[in-house]
Amino acid sequence: MAYEVSRRNFMKGAAMAAAAAAVSGLMTGCSGDTKPVAQIQLGDYTVRVTDAKTAQESSVAGAQKVNGYITPVVGIEYSGKGSMTLLYTDIFSAELGGSKMTLTNPASVYNSTVGNFKSCEPKFKTTDKDLYAGFNSNTQAMKLKVTLDKETAIFTIKGNGDITVAKA
């Protein structure tokens with residue numbers, strides 16, 4: 001049995017298929033797979049944290065020492081006038097389980113661009129094996145302190161990706 005399709009019906013069907021494909025692309029933003037974003041205003045700056053990358057280097061076998069790295073993904077937008085250049089050491093500090101973490105890229109700089117989010121990735125290190133394991137198992141949270149325009153916010157970042165923020 002043959003089924004004939006007119007040019008008009010074919011075009012209608014093609015248009016409906018294209019519309020369905022376009023809508024399905026928009027619907028992916030509604031899924032539960034989106035990363036959490038914590039955002040706050042600090043003076044002329046909007047700061048958001050969207051993720052934290054982790055990496056580990058083991059030291060002496062069996063020792064309690066490890067080089068555990070946590071790198072928050074931070075976006076900063078400047079809405080002021082002119083431009084600003086700030087060292088990461090002037091903006092970021094962090095603690096894990098109450099212990100201060102070491103900023104491993106302190107000479108990195110944030111150069112403000114009015115109206116655009118600039119991505120920053122301050123990389124912090126801990127040598128405490130248990131604290132680092134606790135972060136990855138979600139029993140320890142990283143406290144990322146961000147200071148801009150003489151205002152400070154503390155982002156609480158958990159190993160499962162949950163991120164919250166409050167002014168200090």
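Colleague: Is Lys-53 buried, exposed or partly exposed?
Modeller: This is a predicted model, and in it Lys-53 counts as partly exposed because its relative accessibility is 41%, which lies between the 20% and 50% cut-offs.

Colleague: And which residue does Lys-53 form a salt bridge with?
Modeller: Its partner is Glu-121, and the closest N and O atoms of the two are 3.0 Å apart. The pair links distant parts of the chain, since Lys-53 belongs to strand β2 while Glu-121 sits in the loop between β9 (117–120) and β10 (124–128), 68 residues apart. Glu-121 is partly exposed too, with a relative accessible area of 30%.

Colleague: How many salt bridges are there in the whole structure?
Modeller: A search of the whole structure finds two, and another pair that forms a salt bridge is Glu-151 with Lys-167, where the closest N and O atoms are 2.7 Å apart. That pair also joins distant parts of the chain, with Glu-151 in strand β12 (residues 151–158) and Lys-167 in strand β13 (residues 163–167), 16 residues apart.

Colleague: What about accessibility for Glu-151 and Lys-167?
Modeller: Glu-151 is partly exposed at a relative accessible area of 26%, and Lys-167 is partly exposed at 49%.

Colleague: Changing topic, where does Thr-46 lie, and is Thr-46 buried or exposed?
Modeller: Thr-46 lies in strand β2, which spans residues 45–58, and Thr-46 is buried because its relative accessible area of 12% is under 20%.

Colleague: Which side chain does Thr-46 make a polar contact with?
Modeller: The side chain of Thr-46 is joined to that of Gln-41 by a polar contact of 2.6 Å. Leaving aside residues up to four places away in sequence, Thr-46 touches several residues, including Ile-40, Ile-76 and Phe-117.

Key: Residues are numbered from 1 along each chain as its sequence is written. This is a predicted model: local features need pLDDT of at least 70, side-chain atom pairs count only at pLDDT 80 or more; totals for chains, interfaces and linings use all residues. Side-chain values use heavy atoms; hydrogens and water are left out. Helices (H or I, at least four residues) and strands (E, at least two) are DSSP runs, numbered from the N terminus. Buried means under 20% relative accessible area, exposed over 50%, partly exposed in between (1.4 Å probe, protein chains only). A polar contact is a pair of N or O atoms within 3.5 Å; within protein, one must be able to donate a hydrogen and the other to accept it, and residues adjacent in sequence count only if both atoms are side-chain atoms. Contact means heavy atoms within 4.5 Å. A salt bridge is a side-chain nitrogen of Lys or Arg within 4 Å of a carboxyl oxygen of Asp or Glu.
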